[in-house]
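Hi,

Here is the structure I said I would pass on. Have a look at it first, and then read my notes below.

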Amino acid sequence: MVDIQNIIDFLSLKEANVRYVVLGTILLSVASSVIGCFALLRKRALIVDSISHSVLPGVCIGFMISGTKDPLFLLGGAMLTGWLSIYFIDIITRYSKIKADTAIGLNLSVFFAVGILLLTIIQNSGNPNQSGLSDFLFGKAATMVESDMLTFGGMALLVISGVALFYKQFVLISFDMNFAKTIGLNIKFYEFVLSILTVMAVAIGIQTVGVVLMAAMLITPAATARYWTDNLRMMLLIAAVIGAFSGIAGAFISYTYDNMPTGPWIVIVFSLIAIASMIFAPRKGIVAKWFRQKQNSYKIMEDNILKAFYHLGEKEGDFYKKRTVEDLMNLRKFERGRLLNGLKWLSAENTIVHINDTYVLSKRGKAAGERIVRIHRLWELYLKKYLRVADDHVHDDAETIEHIITPELELQLEKLLDYPEEDQHNKKIPYSK
Amino acid sequence: MAMVGDAISHSVLPGIVIAFMMGGKLGSWYLLVGAAVFGIITTFLIEFFNKKGGMQHDATIGVVFTSLFALGIILVTVYARDVDIDQDCVLYGELDHVAIEDGVHLSGLIIPYTVIRLSVMLLCVIALVIIGYRGLFLTTFDAAYAATIGISVMSWHYILMAAVSLSTVLSFGSVGAILVVAFLITPPATAYLLTDKLKQMIFLSVLFGITGSIIGYYFATAIDGATSAAIASVLGMQFIVVFVWKVVEKRFSRKETVAQ
C-alpha cells in the first residue's frame, strides 16, 4: 500500500532494480514523446501504430536467426520490419486507390499476424531460450536489468540527439515541404532519417509498453502538448516532460502495487493528462472555448440591442426617447428572456439607462449603436462596389461582420469608399463628429 | 473508416473484461452487451475529442483506443485470478480449441458452441446488409445526399459501428483483438483493388475470406503455427498478389498505349 516510506524508497532510487526501471522508462518515454511530435505534425499519427505492430515479426526473425534473445538481433529485426511497414504503406497508397487509413490497418494487422504465426512456431519448436519473447506483446518494463537499461537507454539517447541534430531539417519537412524543395534540401534523405529514428523509438519502446500501447507513447504526449503551445520547441519540451512524468508515475504504481503492469499505467496517466489538457488548457481547451463563445454571444446580443435603439431613433428622429421592451421586440425578433438579460448588462455598463419600465440610450450608447450601423452600411456598400454582390445578398453578410470589424479596419473601409453619404438603400451613413 | 474499426476492436476489451467480472462466460450475452457498449463509447469519444476537443482526427483514434485498451489490460491483470481470460486470448484467440470444445449434439455430430454463435452472427450481418443496403449504401457514398432525402446518417453510422463491435467481440474468442482487424480490412481491400461496384466488392471479399480461411488452415497445420494468424497471413498474401498483379497490369497497358 502507499505510504510515505514507500514513496521515499522509490524516489531515493536505493534499489538498483528500481533505478534501472525508472531511468530506462524515463529515457524511453522522452525519446518516443519527442519523436511523436513530428509524427503528429506530419499527420502520421496512425502510421506509428502500424510500425509498432510490425516490429513483432522482426523480433521473431531476429530470434530465429540468433537462437537467443540477444537484444541487437531482436532490435535489428524489429527495425527492419518496422521500417518495411512504412515503406509498404507508402507503396500501397501511391500505386492504388486504397486510402492511407485502410493501408495502415491492413499493414498492421497482417504484419502482426505474421508475427504471431512466427511466435507460435517458435513456441511449438521448444527452444528453451524462447521464454519471455512474448513480453514484447505487452511490455515488461518492471523486469529491466542493467544491460537492458544500457542498450535501450543508449538507443533512446541516440534518438533524442538525432532529433536535436537534425531539428532544422525536420521542422522544414514537417511544416513547409515546398520551401524545403526550393532551397534544395534532400527531402528523401531527411524523411528517411526521421522514419529510422521513429522506428528506433518504437522498437525500443515496445519493451516498456508492448505492441498495442506503443502508439500512445508517441501520439498522446504530442497531442497533449499541442493544447498548450503553438511553438514547436515548446511542444517538444512539454511532450518530453509529460513523457518523463508519466514514465515515473507508471513505474511508481507498478512498484507500489503487486501485479500492476507498468506500460498500461503509463498510458492511463498519459490519457488523464491529455483529457485534463483538452478541458482546461488556456485558449484551446473546451472551457476556454466555451467561455469565449459565451462572451461573443453576449457581445452580439448587446450590439443588436444598441442597433435596434439606433434604428428606432433614426425612424422617429429622436435618439433619446424612452423605449419599452415591446418597442424593441416589434422592430427585431428578439427572444424576450435574452433581450431582458442584454438590457440588464447594457444598463450595468451605462450604455443605456433603465427608468421604470422603459430604457433610454445614453450618449455612449448612441455612439456605439451608430458605429455598428455605420459599419453595417459601409460593409454592404463595399460588397456591392468591390465584390459585385447583389443587393439582396449583402445584408446577411454585413449582419455578421458588424460585430467583428476593428476600428482600424473601419477606418480603412471609410477611406476606401471615400466617406460615402448614403448606402445603396439611400440610408444615411452616420459618422461621429 | 478502416482505422475506426481497428480502434473498436481494441477498445471493446474493457467491456469484455467487465462482463467477465459480472459473471459472464465467453460467448454469453453479457459480453455482447459489454462490447457493444464500449464500441459505441469508442465511436462517441473519437467524435467528441475531435469535434469538441479540437484534437487532430488521426491522433484522436490513437489516443482513444490505447487508453481503453490500457484500461482493459489493467483490469485483466488485476482480476486475472477471478476471471477466465488471459492476455494470450486477447491477442490471438483460441481458434485451435474450437474442435475440442463442447457443443450441441446432433445425431452423433457435435456442433461446437462457437460455430453456432458465429453462424448466428453471420446470419445477422447478412440480414443487416440486405435489409439496410440502401441506408448503408447511401450514407457510405454520399452522406450529404442521404441527409437531404431524410436518411439519418448518424444512426446508420452508429448501427454500422455497433455491428462492427458485435462482430469483433464474437470473433474475439476465436481470433483475438488484433487479428480480427486483418479479417475486417484485408478481404474488402483486396476486393476493392479489383472492382468499383459495391455488390461485386462484397461478393469478392466474401470469396477471398473463404478461400483464405481454407488455405490458412492447412498452412497452419503444415508449419505448426496458430490457425488464426496463418489465415490472416494468407489474407495478406492474397492482397499482395492482387496488388502486384494490378500494378504490373497498369504498367503494361500504359506501355501499350504509348506504343500505339
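**What I found**

The domain assignment of chain A gives domain 1 (15–284), domain 2 (288–361) and domain 3 (366–417); such bounds come from an automatic or database domain assignment. Domain 1 and domain 2 of chain A have C-alpha centres that lie 57 Å apart.

Before you go further: this is a predicted model, where local features need pLDDT of at least 70, side-chain atom pairs count only at pLDDT 80 or more, and totals for chains, interfaces and linings use all residues. Residues are numbered from 1 along each chain as its sequence is written, with chains lettered from A and ligands numbered from 1 in the order in which they are written.

On to chain B. Its secondary structure comes to 12 helices and 2 strands (DSSP runs numbered from the N terminus: H or I of at least four residues for helices, E of at least two for strands). From the N terminus on, the order is α-α-α-α-α-β-β-α-α-α-α-α-α-α. Of the 260 residues in chain B, 43% are buried. Buried here means 20 or more other C-beta atoms within 10 Å of the residue's own, exposed means 12 or fewer, and partly exposed is in between, with C-beta atoms placed from the backbone. Take contacts in chain B between residues at least 6 apart in sequence: 62% of them join residues at least 24 apart. A contact needs C-beta atoms, placed from the backbone, within 7 Å.

How do the two chains meet? The contact takes 50 residues from chain B and 46 residues from chain A. On the chain B side, α1 (2–11), α4 (57–78), α5 (87–92), α10 (179–194) and α12 (227–259) each supply at least two residues, and α4(B) gives the most, with 14 residues. That side of chain B divides into 31 nonpolar, 14 polar and 5 charged residues. (Ala, Val, Leu, Ile, Met, Phe, Trp, Tyr, Cys and Pro count as nonpolar, Asp, Glu, Lys and Arg as charged, and the others, Gly among them, as polar.)

Next, the cores. A nonpolar core is a set of buried Ala, Val, Leu, Ile, Met, Phe, Trp, Tyr and Cys residues joined through C-beta atoms within 7 Å. The largest one has 164 residues, and A:Ile219 and B:Leu179 have the most contacts inside it. Helix α2 (residues 16–41) of chain A gives the most to this core, with 14 residues. Leaving out residues up to four places away in sequence, A:Ile219 touches A:Gly36, A:Leu40, A:Ala45, A:Val48, B:Ala59, B:Gly62 and B:Val63. Another core, of 15 residues, lies apart from it and includes A:Phe309, A:Leu312, A:Leu328 and A:Ala368.

There is a helix pair to look at too. Helix α14 (residues 286–316) and helix α17 (residues 363–386) of chain A pack at an angle of about 95°, with their axes 8 Å apart. (Axes are lines fitted to C-alpha atoms, for helices over the stretch in contact, and angles run from 0 to 180 degrees between N-to-C directions.) α14(A) and α17(A) are therefore roughly perpendicular to each other, a label for 65 to 115 degrees; under 35 is roughly parallel, over 145 roughly antiparallel and the rest oblique. Their contact divides into 6 nonpolar, 2 polar and 3 charged residues.

A:Glu370 sits in helix α17 of chain A and is buried, with 21 other C-beta atoms within 10 Å.

Notes:
Two residues are in contact if their C-beta atoms, placed from the backbone, lie within 7 Å.
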